[in-house]
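Work through the exercises below with the sequence and structure in view. Try each task before reading its solution.

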Amino acid sequence: MESYDTKRPARKGWWKSAVFYQIYPKSFQDSNGDGIGDLNGIITRLDYLQSLGADGIWLCPVFCSPQADNGYDVSDYRAIDPMFGSMEDMERLIQEAGKRNLSIILDLVFNHTSREHFWFQEAVKSRDNPYHEYYIWRDGKEGTPPNDCEAIFGGSAWEYVPSLGQYYFHQFAREQPDLNWSNPAVREQLYDIIRYWKNKGVDGFRLDALDVIGKDVDRQIIARGPNLHRYIQEMSSEVFSDGTLAVGEAWSADVPEAREYTNSDGSELSMIFQFEQNFVDQGETKWEKKPLDLVRLKKILASWQTGLHGTGWNSLFLENHDLPRIVSRWGNDGPFWNQSARMLAILQMGMEGTPYIFQGQELGMTNCRFCLEECRDVEIHNFYKAGLAAGKDPAELMEAVWFIGRDNGRTPMQWDASKNAGFTEGTPWICVNPNYPSINAHAQMDDPDSVFSCYRDLIRIRKSHPVLLNGDFELLEPDNETVFAYLRRLGDQEVLVVCSFSAQNEAFELPDGFEDAQTLISNYRGRSQTLRPYEAFMLLRTGAEKQPKKEPAEPEIIKDRKAD
Ligand code: TEU
Ligand code: CA
C-alpha cells in the first residue's frame with residue numbers, strides 16, 4: 001500500500017498559498033465517446049491545469065452513484081462509478097497529478113447517502129436491522145409526516161416507507177436519505193472512508209453540506225444544529241490533524257461562526273465555503289432575481305476579509321457547480337464579456353484566502369438558455385413542476401432557471417472550436433453552450449489579453465507577492481455604487497485593487513501615493529483619466545510609509561518630549 005505521509009505536502013497550512021481548480025467530472029473531458037466526462041479524460045488535461053498554474057484539483061464526486069443528483073447521491077464511497085472509470089484510473093490520476101505537483105481534493109457527501117447504498121438497503125429491511133439506526137426515522141402514518149420540514153429540492157423532507165410504518169428524513173432529494181450522525185458507528189464508518197482515501201494519496205476533502213450534519217429534526221433545526229461543532233471537532237482530531245485539507249460547505253455560516261469553523265488552532269477545518277455574498281442579487285428564494293447591489297456586496301466581502309484576517313481563513317470563489325456563471329451574473333456577457341470576466345478575476349484573486357476556480361471560469365464561460373427538456377438538474381425539474389402546480393407562468397419559471405439554475409455551470413468544458421467543443425466524440429449528456437466556437441481554451445491560451453491569460457498571470461502574481469497572500473484588507477469608498485476598490489497591506493508593500501462594475505466610464509481618483517505605482521495587472525492597455533467599462537487593475541507600491549496614526553498619541557514620544 002502506498003503511504004500518504006510521504007506524498008502529502010508536508011508543510012502545515014500548505015493550502016493557504018495554493019490555488020485550486022474545481023472539476024465537475026461529468027462535464028470536463030470525455031475519453032471514450034459515451035458523452036460523459038471521465039477520469040481518463042481528466043488525465044489528458046492535467047498539463048492544461050499545470051499551465052494555468054493550479055496547485056490542486058477539487059474533484060466533484062466520482063463514487064458509485066445512481067446519479068439522482070449527479071453523484072451527490074453516493075452508493076459506495078470506496079468505489080469509482082464505472083461511468084467515470086475504474087479504481088486503477090483513479091490511482092493513475094492521483095499519481096499523474098502528483099507528478100505535476102497537483103494535489104487531489106475529493107468531494108465527500110456525508111450528510112446523506114443514496115437510497116441504493118448498502119447501509120440504506122439494509123436499513124429498510126427491518127427496524128432491528130443493525131443498519132436501521134444509520135438513518136433518521138420517525139414513526140408515522142402515511143400522509144401525515146412527523147413535521148413540516150421541507151427538502152431543499154422541494155416537497156416534504158420526510159419520505160414514508162410503508163413496510164416499516166416509518167418516515168426517513170431527507171434534507172435534499174428523496175433519493176438522498178440523511179445519515180444519522182448521532183450514531184457513533186456512522187461517524188466511525190465515515191472517518192474510515194477518509195482514511196481509505198488518504199492512504200491512496202489524496203491530500204484533502206471538500207465536505208458537502210457540512211453545516212447540516214448536526215441537525216435536530218424534531219425541533220426543525222437543520223443548519224447549525226446543536227451537535228455540529230462537536231462532530232466536526234471529533235472528525236478533525238480523528239482524520240484531519242496531519243495537515244489534510246478539509247473544506248466544509250456551509251451555506252449558513254456567518255463571520256463569527258466561520259471563526260469557529262476555521263480557527264487557527266486547527267481543531268476544526270482548514271476553511272469553509274460560505275455563501276453570504278451569493279444572496280446579494282436574490283429575493284426571498286434563490287429563484288427571484290434582484291439587481292446586484294454592489295455596495296452590499298462590498299460590505300459583505302469586506303466583512304469576511306477583515307473578520308477572518310489573522311483569526312481564521314477564507315476560501316475565495318465566485319462560481320461552483322451549483323451556481324451560474326459569474327460573467328453572466330455580475331459581469332456582462334455581451335459587449336464587455338472579456339473585460340468584465342477579467343475584472344471579476346482580478347477582484348477574486350486580489351483578496352486574502354484560498355482561491356477556487358471552477359472549470360471554464362478561467363475562460364469566461366457564460367450561462368446557457370436551455371429549454372426545459374434540455375435541463376438535467378433535479379432541482380430545476382422539481383422547481384418547475386412545483387411552479388406549474390402553483391399556477392405560475394411557465395415563461396417566468398424559465399427566466400428564473402436561466403438566471404440561477406445549476407445547469408448553467410454544468411455545460412461541457414469548451415476546449416476548442418471542433419465538434420462538441422472538443423469535449424466528446426459522442427453525444428454530450430448535457431448540451432454544449434453554442435458559443436463554444438468563440439469561447440474556448442484553444443483560442444485563449446496564447447492570447448495575452450484573454451481571460452485565461454489573466455487567471456494564469458494572477459496566479460503567478462499572487463505567488464510572488466506575499467502582500468496578496470497575507471496582507472491585511474481595507475475597503476475603499478464603501479459607498480461608491482459602481483467601483484469596488486480595496487487595499488492590501490503588508491510591511492512596506494501596498495497593493496491597490498480597483499474593479500469597475502459599470503458598462504460606462506466612471507470617475508475614480510487614485511489614493512495618494514499610487515500615481516507612479518507599478519501595474520501588476522490590468523484588463524486594458526494603458527491608463528485613462530476615467531475608468532473605462534469594467535476596467536480593473538492592481539497597482540503595487542513599495543516603501544509605503546505607515547499610515548500616520550491619528551490616535552492614541554504614542555506614550556513614549558510624549559515621555560521623550562517631557563525629558564527634553
Ligand atoms: O449543496 C448543498 C446545498 O445546500 C445546495 O444544494 C444548495 O442549497 C443548492 O445548490 C441551491 O440551489 C451540495 C452540493 O454542492 C450540491 O451539488 C448537491 O446537490 C447537494 O449538496 C446535495 O448533496
Ligand atoms: Ca466517458
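Predicted model: local features only at pLDDT ≥ 70, side-chain atom pairs only at ≥ 80, totals over all residues.

Residues are numbered from 1 along each chain as its sequence is written, chains are lettered from A and ligands numbered from 1 in the order in which they are written, and side-chain values use heavy atoms, with hydrogens and water left out.

**Exercise 1.** Find the protein donors of the calcium ion (ligand 2).

Solution. Donors are N, O and S atoms within 2.8 Å of the metal (3.2 Å for Na, K and Ca); water is not among the atoms, so sites may look incomplete. Asp30 (OD), Asn32 (OD1), Asp34 (OD), Ile36 (O) and Asp38 (OD) lie 2.3 to 2.4 Å from the ion. Their spacing along the chain is D-x1-N-x1-D-x1-I-x1-D.

**Exercise 2.** Check the span of helix 4 (residues 87-99).

Solution. Helices (H or I, at least four residues) and strands (E, at least two) are DSSP runs, numbered from the N terminus. The expected span is 1.5 Å times one less than the number of residues. For the 13 residues of helix 4 this gives 18 Å, and the end C-alpha atoms are 18 Å apart, which agrees. After helix 4 comes Asn101, with a positive phi near 55°.

**Exercise 3.** Give the strand order of the open sheet of eight strands.

Solution. The order is 11-10-9-5-2-1-13-12, with parallel pairing. Strand 11 (271-273) and strand 12 (315-316) are the edge strands, each pairing on one side only. Two strands pair if DSSP finds at least two bridges between them; strand 5 (residues 103-108) and strand 9 (residues 204-207) have four.
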